[in-house]
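I opened my notebook today to look up a few spots in a protein model. Come along and follow each entry with the structure beside you.

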Amino acid sequence: MIPNIVECHQVTKRYGQKIALDRLELAIPAGRITGILGPNGCGKSTLFRTLTGMVRPDEGRVEVLGKTPGWRTNQSIAYLPDRARWYPNHTARQALEWGNSFLPGFSMERAIQLADEMEIDLDMRVGGMSKGQEARIMLILCLARDVDLVVLDEPFTGIDVMSREAIVASLIDFLEESEQSILISTHDIQEVEGLFDYTVMLKEGRAIWSGNSEDLRAEYGSLRNVFRKLYAKEWND
């Protein structure tokens, strides 16, 4: 196994006058469950789009799975974007069948098991689903794949409490069995900080802290406390 699943060297990405990633230096070890934390607009989604080859950096170098991101690396990445769209007449079962047909490493058996755990009616049409139910379908399409890297971009944003609980419970069960590298971005860590064994804190497109989550918890009590200090400008070097 490669030592680092992700490496970024002086990576900069601009959208017009806005700098989304600012000379980002980052190394994320393989085989870990990594939380990518930070407020909205700090560069989390841009980082993930860069890792999946959806955008290219204006400057610097990115490696994922030891290679430059592109269609070859994407065969080994399950990516949950922060937004998704489905045809309203599709059923949940059809969504999973699509995954089984097109996504490398997809297990229909595993997908059906996850749907049962997340209380998804496979005959329900997407057009009649809540945002939380739709989010669970997207998560199933990621977690049912046997790939090296799972990338989940803000999987809890705008989702009702019951759906969040179902997603977190399924993630806990999944992570206990998985040997994959997993990246999860969020700006709301209260419910999920216990999932992370490695943590990256982003601010204004830069990594301002990265390391073992237990080191932070031992010193500050919780990642939530660290989060508050960092983004309230109370951090003391």
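**Entry 1: a loop residue**

I began with T91, and leaving out residues up to four places away in sequence, I found that T91 touches L122, D123, M124 and R125. Contact here means heavy atoms within 4.5 Å. I placed T91 in the loop between β5 (77-80) and α3 (92-102). Helices (H or I, at least four residues) and strands (E, at least two) are DSSP runs, numbered from the N terminus. Is T91 buried or exposed? I noted a relative accessibility of 13%, so T91 counts as buried. The cut-offs are these: buried means under 20% relative accessible area, exposed over 50%, and partly exposed in between (1.4 Å probe, protein chains only).

**A note on the model**

I am working with a predicted model, where local features need pLDDT of at least 70 and side-chain atom pairs count only at pLDDT 80 or more, while totals for chains, interfaces and linings use all residues. Residues are numbered from 1 along each chain as its sequence is written, and side-chain values use heavy atoms, with hydrogens and water left out.

**Entry 2: helix α7**

Next I went to α7, which spans residues 213-220, and wrote down S213, L216 and R217 as buried. Why do they line one face of the helix? Seen down the axis of α7, the buried residues fall within an arc of 100°, so they line one face. That arc is taken from the directions from the helix axis to the C-beta atoms.

I then turned to the other side of α7, where E214, A218 and E219 are exposed. D215 is also in α7, and I listed D215 as partly exposed, with a relative accessible area of 47%. From D215 to R23 I counted 192 residues in sequence and 25 Å in space, C-alpha to C-alpha.

What do the buried residues of α7 pack against? My list has β8 (198-203), β9 (206-212) and α8 (223-231). After α7 comes G221, with a positive phi near 95°.

**Entry 3: α7 meets α8**

I looked up how these two helices cross. The axes of α7 and α8 come within 8 Å and cross at roughly 80°. Axes are lines fitted to C-alpha atoms, for helices over the stretch in contact, and angles run from 0 to 180 degrees between N-to-C directions. The two helices are therefore roughly perpendicular to each other. For such labels, under 35 degrees counts as roughly parallel, over 145 as roughly antiparallel, 65 to 115 as roughly perpendicular and the rest as oblique.

On the α7 side, S213, L216, R217 and Y220 make the contact, and on the α8 side L223, N225, V226 and K229 do. By class, I noted four nonpolar, two polar and two charged residues in this contact. In this scheme Ala, Val, Leu, Ile, Met, Phe, Trp, Tyr, Cys and Pro count as nonpolar, Asp, Glu, Lys and Arg as charged, and the others, Gly among them, as polar.

**Entry 4: helix α8**

Which residues of α8 are buried? I wrote down L223, V226, F227 and L230. They cover an arc of only 105° around the axis, which puts them on the same side of α8. These buried residues pack against β3 (33-37), β8, β9 and α7.

I also checked Y231, which lies in α8. Setting aside neighbours within four places in sequence, Y231 is in contact with L37, G38, P39, M201, L202, K203 and I208. Y231 and L96 are 135 residues apart in sequence, and 39 Å apart in space, C-alpha to C-alpha.

**Entry 5: two positive phi angles**

Q10, in strand β1 (residues 4-15), has a positive phi of about 55°. At 40% relative accessibility, Q10 counts as partly exposed. E119 has a positive phi of about 60°, and I found E119 in the loop between α4 (108-117) and α5 (131-143). E119 counts as exposed, at 66% relative accessibility.
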